[in-house]
Amino acid sequence: MNFDALIIGGGASGMSCALVLGSAQHKAYAQGKEIGIIMHQKASHLQTALFNNVLGLKPGTLGKDILEQGKQQLTSLYPHVTQIEKEKVKAVIPNASGAFTVETNKNSYHTKIVVIAVGYTNLFTIKGFENYIAPHPKAMAKKQRIWLKNKDHKITDNLYVAGTLAGWRSQFSIAAGSGAQVATDILTVWNDGNHTKVHDKLTV
C-alpha cells in the first residue's frame, strides 16, 4: 500500500499527528492524500499513566483509556486515515526518489513522508536510524533514554520524529503538541510552503 504520510507509533504524539492530518481532509492541498498510522501501543507509557494535571482532561483519566479512545476518535471522525494494527516496524529504508519503504514483520509500505513517534527507551530497534541515535538531552542519564537527532522535528527531508523521541520531556501535553506540530509542518509542505494549521470553529 502507498501513502503520502505514514506515522509509526500510536501513542500521544502519533495519534495527535494523525488527528491533525486527518482533520485537513477538506482542504484543497490535502484532498486525496493517503495517510496511515501503524498503531504501536503495547509499549506506550500511556498504558500505565494517570492524568490529574492535563488541561482538558478530567482528573483521574487513565492513559490506557486515551489509547483506546484515540483510536475510536480517528475511526469516527477521520476514517480515511488507515489504522494498521498488530504490526511491528522493522526498518525504514530511503529510496532514490526521496520516499521510503517501511518494512514490518508482516508487510512493506511505500510512503513519501515518515513520522516516527515511538517511545524513547534504549530498546529502540528500528533499522535505518543508527546514525541519528544519541543520549536524550532532557532525561536523566541513568535511565538511558535516547532521541533521534533532528532540527524542529525534522531528521532529514521527508523524515520527521515526534514526542519524547524528538528530544522532548515525557509529559503528555508536550508529546501531543509535538505530534500536532509535525502534522502542521507536513500540511505546510502539502500547501506549497504556506504556513498551515487546521482549526474547527463553531458556526453562528
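In the hairpin of strands E6 and E7, which has five residues between the strands, Gly-98 takes a positive phi near 95°. This is a predicted model, in which local features need pLDDT of at least 70 and side-chain atom pairs count only at pLDDT 80 or more, while totals for chains, interfaces and linings use all residues. Residues are numbered from 1 along each chain as its sequence is written, and side-chain values use heavy atoms, with hydrogens and water left out.

**The hairpin strands**

- Strand E6 (residues 89-94) and strand E7 (residues 100-104) run antiparallel and are joined by five bridges; strands (E, at least two residues) and helices (H or I, at least four) are DSSP runs numbered from the N terminus, and two strands pair if DSSP finds at least two bridges between them.
- Ala-91 stands opposite Glu-103, which belongs to E7.

**Salt bridges around Lys-71**

- The structure holds four salt bridges, each being a side-chain nitrogen of Lys or Arg within 4 Å of a carboxyl oxygen of Asp or Glu.
- Lys-71 forms one with Glu-68, with the closest N and O atoms 3.9 Å apart, and because the two are three residues apart in helix H2 (residues 63-77), they are separated by about one helical turn.
- Lys-71 is buried at 16% relative accessible area, whereas Glu-68 is partly exposed at 38% (buried means under 20%, exposed over 50%, partly exposed in between, with a 1.4 Å probe and protein chains only).
- Lys-71 also meets Glu-85 in a salt bridge (3.3 Å, N to O); Glu-85 lies in the loop between strand E5 (82-84) and E6, so the pair ties together parts that are 14 residues apart in sequence.

**Another salt bridge**

- Lys-154 and Asp-157 form a salt bridge whose closest N and O atoms are 3.3 Å apart; Lys-154 is partly exposed at 35%, and Asp-157 is exposed at 54%.
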